[in-house]
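The following exercises are to be worked with the sequence and the three-dimensional model at hand. Each task is followed by a solution in steps.

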Amino acid sequence: LFNLDIRHMNLQSTDFVTISKMSTLKLLTIKGTNVKDEDLKALTRLTNLTLLNVDFSNNLTTQSVTSL
């Protein structure tokens, strides 16, 4: 799986942990989800990720986004 698009879904922290184990992901769209700073931190395990779309994710702080 190289591309995962799960926009505008109600995801739990456990869902982001599961996504973080998808090591082949290159493109991830979680636009409009309830992703939080700690969820984004889990996604840093995705070393092959080249594009992450978090548009309209209002729970993220600038600090967590710039740490990527």
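**Exercise 1.** Determine which residues Ser57 touches, leaving out residues up to four places away in sequence, and whether Ser57 is buried or exposed.

*Solution.* The model is a predicted one. Step one: Ser57 touches Ile30, Lys31, Gly32, Thr33 and Val35, with residues up to four places away in sequence not counted. Step two: the relative accessibility of Ser57 is 9%. Because buried means under 20% relative accessible area, Ser57 counts as buried. Step three: Ser57 is placed in the loop between strand S3 (51-53) and helix H3 (62-66).

**Exercise 2.** Describe the sheet by its strand order, its pairing and its edge strands.

*Solution.* Step one: three strands form an open sheet in the order S1-S2-S3, with parallel pairing. Step two: strand S1 (3-5) and S3 each pair on one side only, so these are the edge strands. Step three: from one strand to the next, the twist averages 5 degrees. Step four: S1 and strand S2 (residues 27-29) run parallel and are joined by three bridges. Asp5 has Thr29 in S2 as its bridge partner.

**Exercise 3.** Identify the members of the largest nonpolar core that touch the most other members, and list the contacts of Leu28.

*Solution.* Step one: the largest nonpolar core has 14 residues, of which Phe16, Ile19, Leu28, Ile30 and Leu43 touch the most other members. Step two: leaving aside residues up to four places away in sequence, Leu28 touches Leu4, Ile19, Leu43, Leu46, Leu49, Leu51, Leu52 and Asn53. In soluble globular proteins, nonpolar side chains tend to be buried together.

Conventions: Residues numbered from 1 in each chain as written. Predicted model: local features only at pLDDT ≥ 70, side-chain atom pairs only at ≥ 80, totals over all residues. Heavy atoms only, no water. Core = buried A, V, L, I, M, F, W, Y, C linked by side-chain atoms within 4.5 Å. Buried < 20%, exposed > 50% of the residue type's maximum accessible area, 1.4 Å probe, protein only. Contact = heavy atoms within 4.5 Å. Helix = DSSP H or I, 4+ residues; strand = E, 2+ residues; numbered from the N terminus. Pairing = 2+ DSSP bridges. Axes fitted to C-alpha atoms, helices over the stretch in contact; angles between N-to-C directions.
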